[in-house]
Amino acid sequence: MRRSISTIIAGALFGLFIGSSMGLAFGGSAYNAAWFFTPLGAYIGWLVHKSSASESVDLEQTRDFDALDSSAEKVGKASANIFTSLLKILASLWNFQIDLLDTLGLLQTFLKQPLLFAGLCVVISVFFPPFLVLYFLSWLGASHFGATENTKYRAKVA
């Protein structure tokens with residue numbers, strides 16, 4: 001499976017998760033929000049792929065096409081691509097949070113006391129409960145792509 005398709009599918013799954021966990025507007029339902037956020041997630045997945053496509057080489061182009069893979073290996077590779085793409089989207093969401101804190105001038109305070117990240121998660125999840133799961137998953141994605149204190153908690157999504 002090509003990386004662009006797997007990133008779009010991962011974005012759509014991510015949008016479906018977000019959409020099914022909230023309503024869109026007054027009188028809206030989770031079903032309406034899922035219809036809105038699933039294509040939006042797919043579009044964001046495509047954007048993440050396009051932003052990282054110039055930095056990385058697609059594995060499909062470097063593959064030896066003479067050797068045929070078994071269908072089980074293809075399914076395994078496709079699901080690994082989707083999982084990696086989902087981690088890219090979540091790491092990009094984490095980087096958005098770091099950029100937002102930097103814009104507000106609060107990043108230096110958060111860098112001095114990293115436990116404030118957990119406090120921010122708790123405060124926001126009081127008002128929007130699905131944020132707790134989303135925050136944890138975006139932290140996992142950022143950790144996968146090397147978000148550490150040395151990189152000022154920014155993930156290098158490539």
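Residues are classed as buried under 20% relative accessible area, exposed over 50%, and partly exposed in between (1.4 Å probe, protein chains only). The model is predicted: local features need pLDDT of at least 70, side-chain atom pairs count only at pLDDT 80 or more, and totals for chains, interfaces and linings use all residues. Numbering runs from 1 along each chain as its sequence is written, and side-chain values use heavy atoms, without hydrogens and water.

The chain holds seven helices and zero strands. Helices (H or I, at least four residues) and strands (E, at least two) are DSSP runs, numbered from the N terminus. Of the 158 residues, 33% are buried.

Helix α2 spans residues 30-53 and contributes most to a nonpolar surface patch, with six residues. The patch covers about 590 Å² and comprises Ile8, Phe36, Leu40, Tyr43, Ile44, Trp46 and Leu47. Patch residues have over 30% relative accessible area and no salt bridge; nonpolar side chains (Val, Leu, Ile, Met, Phe, Trp, Tyr) are joined within 5 Å, like charges within 9 Å. A salt bridge places a side-chain nitrogen of Lys or Arg within 4 Å of a carboxyl oxygen of Asp or Glu. Leu47 lies in α2. Leu47 is partly exposed because its relative accessible area is 36%.

Helix α2 also gives the most to the lining of the largest pocket, with five residues. A pocket is an open set of points on a 1 Å grid where a 1.4 Å probe fits, with protein on both sides within 12 Å along at least five of seven lines; lining residues have an atom within 4 Å of a point. The largest pocket holds about 270 Å³ of space. Among its 13 lining residues, Phe14, Gly41, Ile44, Ile89 and Leu93 lie nearest the centre.

Notes. Areas by Shrake-Rupley, 256 points an atom, 1.4 Å probe, with all protein chains shown as cover. Points joined across faces, edges and corners; volume = space filled by probe spheres on them.
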